[in-house]
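Subject: Structure handover

Hello,

Here is the structure for your files. My notes on what was found in it follow below.

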Amino acid sequence: MTAVYDVAVVGAGPAGLVAASVAARHALSTILFDEQPAPGGQVYRALTAGPPERKTALGGDHERGAALIETLRQSGATSVFDATVWAARKRDDGLYEIGVAYGAPAARNNRFVTARAVIVATGALERPFPVPGWTLPGVMAAGAAQVLLKASGIVADGRVVLAGTGPLLWLLASQYLRAGARIDALLETTPRSRRWAALSEAWNFAQSPYFRRGVAMLRDVRRQVRVVTNVTALAASGPSRVDSVRYEAGGDTHVLRADHLLLHQGVVPDINLGSAMGCAYRWNDAQACFQPVVDAWGGSTLPGVFFAGDAAGIAGTEAAEARGHIAALAVANALGRIDARARDGAARAPRAALRRALAGRAFLDALYRPSDAYRIPRGDTVVCRCEDVTAQQVVDAVRIGCIGPNQVKAFLRCGMGPCQGRFCALTVTELVARELKVSPGAVGHFRTRFPVKPITLGELASLPASPGAERAVVRAKTRP
């Protein structure tokens with residue numbers, strides 16, 4: 001790693017891979033950071049490792065991912081894996097200083113890297129799914145189950161129940177079946193009313209690249225798995241770990257024996273790094289989440305900071321690649337490598353790809369927007385897993401004067417645990433908004449501070465001492 005780069009890309013998923021490659025191709029000194037040991041992000045996780053039969057079970061366009069990774073390798077960009085970006089701030093001279101901890105777990109290093117521009121391609125987080133019993137052992141997010149399958153070839157054994165809504169839930173079911181795993185039931189929580197809401201967008205979705213793949217996947221899963229639709233209530237129970245799932249459908253209550261319950265109800269942009277940097281965010285009511293305020297090039301409200309991929313708004317793999325390309329062209333123009341005319345000309349192809357990828361987005365957003373019952377819990381359902389805070393405690397805090405999630409944090413420690421709000425932030429915001437009868441956008445989200453990811457004291461201590469820090473220590477030692 002050198003002293004100053006033209007652009008730092010955070011995240012090596014589809015958007016980050018393309019952004020770094022395009023930036024380097026335009027003679028920008030480029031550095032790419034990712035927490036994983038290899039490139040690919042969640043979509044192409046462990047693509048370069050593992051036996052061929054695992055790739056067959058996972059399905060998907062692995063050749064496309066392999067091509068993106070090879071293009072990065074040949075681009076000349078510097079890639080740093082096993083790297084946690086925990087801070088990024090704009091200095092008085094206009095450059096961005098990025099704190100990164102990197103290296104093997106037993107020998108982590110820490111340093112600041114300087115860049116003229118930053119492309120945030122941190123991707124998405126799974127939306128919280130706070131239902132009774134969701135903290136029991138044996139209950140986990142579908143995305144986490146997919147990570148285990150992709151990275152290690154591990155699938156849940158015994159009686160497996162999938163529950164929730166959204167394309168990833170069906171994708172995991174398809175991948176589990178290809179891997180030879182058992183699925184006892186898939187409990188679909190998509191409200192019947194959402195199907196009618198999505199109907200007006202069905203024609204546009206039929207023109208999108210996802211239509212045929214999606215229909216084939218749903219047909220294949222339904223042929224092999226018992227699917228229960230319009231599930232209106234859901235709970236996990238067990239003395240020490242999940243052993244049963246209770247659900248309501250068709251006005252009746254049913255109980256399924258289960259060893260594992262895999263939950264999912266969509267993904268939302270990872271806002272932590274951008275929020276801590278000071279970028280503005282807005283509430284997207286169609287997707288029920290916060291997303292950054294960006295222009296047509298991915299440019300944020302902070303000069304020199306751009307967003308790409310699902311970090312800019314949930315839209316899928318093809319859209320992520322296109323957004324990475326567009327953001328890199330914008331940086332190349334901002335730093336004087338190409339003029340506006342060349343930028344616009346080079347952006348025609350990725351913009352066309354982005355339009356195709358977004359063609360059916362409104363249909364998916366309308367169909368798979370989770371119902372209030374699963375997003376905004378009541379009573380003793382745990383909201384903050386780290387601090388064991390319930391929905392009722394959050395409501396009570398609002399009733400005694402809390403007007404936003406940051407005051408709730410001060411009262412109850414919500415969002416102050418190791419996950420730093422990743423499991424509870426949206427739920428707390430929506431609970432407060434419901435109680436105050438205002439939009440979640442008016443309530444806002446947790447105020448994020450650095451470090452945005454947990455780092456150890458040893459990693460902090462390994463930071464090179466700056467002249468200012470050394471002078472501060474000398475003054476402290478000489479002070480009478």
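**Second largest pocket**

Strand S17 (281–284), helix H10 (317–334), helix H12 (348–358) and helix H13 (361–368) each give at least two residues to the lining of the second largest pocket. Helices (H or I, at least four residues) and strands (E, at least two) are DSSP runs, numbered from the N terminus. This is a predicted model, in which local features need pLDDT of at least 70 and side-chain atom pairs count only at pLDDT 80 or more, while totals for chains, interfaces and linings use all residues. Residues are numbered from 1 along each chain as its sequence is written, and side-chain values use heavy atoms, with hydrogens and water left out.

The second largest pocket holds about 280 Å³ of space. Its lining has 22 residues, with Gln291, Val294, Ala312, Gly313 and Arg323 nearest the centre. By class, the lining of this pocket has 11 nonpolar, five polar and six charged residues. Here Ala, Val, Leu, Ile, Met, Phe, Trp, Tyr, Cys and Pro count as nonpolar, Asp, Glu, Lys and Arg as charged, and the others, Gly among them, as polar.

On the terms: on a 1 Å grid over the protein atoms alone, a pocket is an open set of points with protein on both sides within 12 Å along at least five of seven lines, whereas a cavity is a set where a 1.4 Å probe fits but cannot get out; lining residues have an atom within 4 Å of a point. Grid points are joined across faces, edges and corners, and a volume is the space filled by probe spheres set on the points.

**Cavities**

There are three cavities of 30 Å³ or more. The largest cavity has a volume of about 230 Å³, and of its 17 lining residues Ile271, Asn272, Gly421, Ala425 and Leu426 lie nearest its centre. Strand S7 (124–126), strand S16 (267–269), strand S18 (289–292) and helix H17 (425–436) give two or more residues each to that lining. The lining of the largest cavity divides into 10 nonpolar, five polar and two charged residues.

**Helix packing**

Helix H15 (residues 391–399) packs on H17 at an angle of about 50 degrees, with the axes 10 Å apart. Axes are lines fitted to C-alpha atoms, for helices over the stretch in contact, and angles run from 0 to 180 degrees between N-to-C directions. H15 and H17 are therefore oblique to each other (under 35 degrees is roughly parallel, over 145 roughly antiparallel, 65 to 115 roughly perpendicular, and the rest oblique). Their crossing is right-handed (the near helix is turned clockwise from the far one by less than a right angle; anticlockwise is left-handed). Ala391, Val394, Val395, Val398 and Arg399 of H15 meet Leu431, Val432, Arg434, Glu435 and Leu436 of H17, contact meaning heavy atoms within 4.5 Å. This contact has seven nonpolar, no polar and three charged residues.

The axes of helix H5 (residues 167–178) and helix H8 (residues 211–224) come within 9 Å and cross at roughly 60 degrees. H5 and H8 are therefore also oblique, and H5 passes H8 in a left-handed crossing.

**Backbone**

Phe450 and Pro451 are joined by a cis peptide bond, with omega about 0 degrees. Pro451 is in the loop between helix H18 (440–443) and helix H19 (457–461). Asn230, in the loop between strand S11 (227–228) and strand S12 (231–237), has a positive phi near 55 degrees.

Regards
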